[in-house]
Number of protein chains: 2
Amino acid sequence: MAIDVERPEGRPTERSRVIRVRDGRARELPDDLAAEEPLEIRLRGESVAVTMRTPGHDAELGVGFLVTEGIVRPADVAAVRECRSEEGDGGVVDVALRPGAVATGGWQRNFYATSSCGVCGKASIEAVRVATAPVADGPRVELSTLEALPDRLRKAQRVFDRTGGLHGAGLFTPDGRLELLREDVGRHNAVDKVVGRSALGGRLPLAERLLLVSGRTSFEIVQKAVVAGIPIVAAVSAPSSLAVRLAREANMTLVGFLRPGGFNVYAGAERVEGLARA
Amino acid sequence: MAIDVERPEGRPTERSRVIRVRDGRARELPDDLAAEEPLEIRLRGESVAVTMRTPGHDAELGVGFLVTEGIVRPADVAAVRECRSEEGDGGVVDVALRPGAVATGGWQRNFYATSSCGVCGKASIEAVRVATAPVADGPRVELSTLEALPDRLRKAQRVFDRTGGLHGAGLFTPDGRLELLREDVGRHNAVDKVVGRSALGGRLPLAERLLLVSGRTSFEIVQKAVVAGIPIVAAVSAPSSLAVRLAREANMTLVGFLRPGGFNVYAGAERVEGLARA
């Protein structure tokens, strides 16, 4: 699948002056900040959402958002165009569909995205839920492989290294190889970029992959992973109650507090190999 | 100012079963998860936004959102009513205004909130910006006082202790006393709860207070603090480029990476006392 993507430069960091204080002594230095800017996501020229995001991989973010929110089917994407907004202080990404393709969902009313969550204008859990099938039974992962992942993600987070200010989302093979990493000031944007890249490459559903996120797991993160067909989601920090509930309903394995030497399994423990009963 | 608030029970945590793995050994235990649920925010009965939030202090969250998004002036709030949604799996908060009061801003078109950001449906920085005056010159804070704050916030975060999954926002006096703490799965919700509580108590603008957030500082967090008139915002982690830009324009002091022994000042260093040049 060859999808045409027009792409201008995106800068993930911005240089600034900072006063660094150590042991009471102040020194003014140049510093790299994680860049944050609005991105308007358009579908066939019509505005669907605005998200506060880190510039770079805007086409992936736009496609990932439209796919994980259940608005667009991956196979229907024909072309993506990125440009600066007329005001020059934000970006625009416009997704074109193949002739005859239809966008689904009542997004004209409901969909507005932000830097950490795509749920908007919907009042109950049922209303915030994107209709989707459970994930396939998929692969299993070795306990020792799982525990090695956060270190691999962290070492690959180049923009985080410079700014300390970005969420990371990494797509791994079941044997622990990092296949794709995206970073963003918004954690759900990082996941949308991963899913968007995979959609543009014709690789959905990601039935043989594991997603690791650097922070906490919200309902939104789990929902996006379910839509992308990812069977195992792991996080360095805690899940919310709703994240756990959705993971269980969707046949997903959900791991939290993943560190060397230990983790918690909230759903789907049968996909973790090598567990001994205490 | 006495504002009538009707309030049902809200549970900030939810009990669940978890498989805890330590050194390869698995044990099934009960665990407390940070609760996440949709809350619909209504103004005079009309739906304005839905946010994914941790139950509890819903009236404060609703008022804080309406105030920090520039929709409602604090003095115009007459009553707040909290209830469960009809579906029973979310909450609703309805804010009533005094007779003759008008809501400002084009929120009918623009405002939808989420668990970490209230910016929606707006395409440029100018469009996402709430019109507001810069903060007052306000108080100064001692370097040693500043460095002691994260530990005080952390010790007071009771729900975080049980779940590891919540953002905290703390309001401090310039001499380092924690006056108000709110927790939420969404970091901007925690700030909205702090501002909403202060608005309901008739204490805006918070010109003599310091706000500490447990995570990173986004544009949204700084904007909410500016609207509330808070002159000093500090964070345990990094700010984004846009957070720094807005803080500088708004005469705010913005501190990041705040830890014992050091921090960075991104704006308004003149409010930090006791800095020696390196």
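Reader: How many cavities of 30 Å³ or more does the count come to?

Author: Rolling a probe the size of a water molecule over the atoms shows where empty space is left. A cavity is a set of points, on a 1 Å grid over the protein atoms alone, where a 1.4 Å probe fits but cannot get out. In this predicted model, local features need pLDDT of at least 70, side-chain atom pairs count only at pLDDT 80 or more, and totals for chains, interfaces and linings use all residues, while side-chain values use heavy atoms, without hydrogens and water. Residues are numbered from 1 along each chain as written, and chains are lettered from A and ligands numbered from 1 in the order written. The count gives five such cavities.

Reader: What volume has the second largest cavity, and which residues line it?

Author: A volume is the space filled by probe spheres set on the points, which are joined across faces, edges and corners; here it is about 60 Å³. The lining (residues with an atom within 4 Å of a point) comprises Gly165(A) and Val185(A), together with Arg187(B), Arg216(B), Thr217(B), Ser218(B), Ala238(B), Pro239(B) and Ser240(B).

Reader: What confidence does the predictor give chain A?

Author: Confidence in each residue is given as pLDDT, from 0 to 100. Chain A has a mean of 86, and 86% of its residues reach 70 or more. Over residues 106–123 of chain A, however, the value is below 50. This stretch still has 88 contacts (heavy atoms within 4.5 Å) beyond near neighbours in sequence. For the complex, the predictor gives an ipTM of 0.86 and a pTM of 0.88.

Conventions: 1 Å grid on protein atoms, 1.4 Å probe; cavity = no way out; pocket = protein on both sides within 12 Å on 5 of 7 lines; lining within 4 Å.
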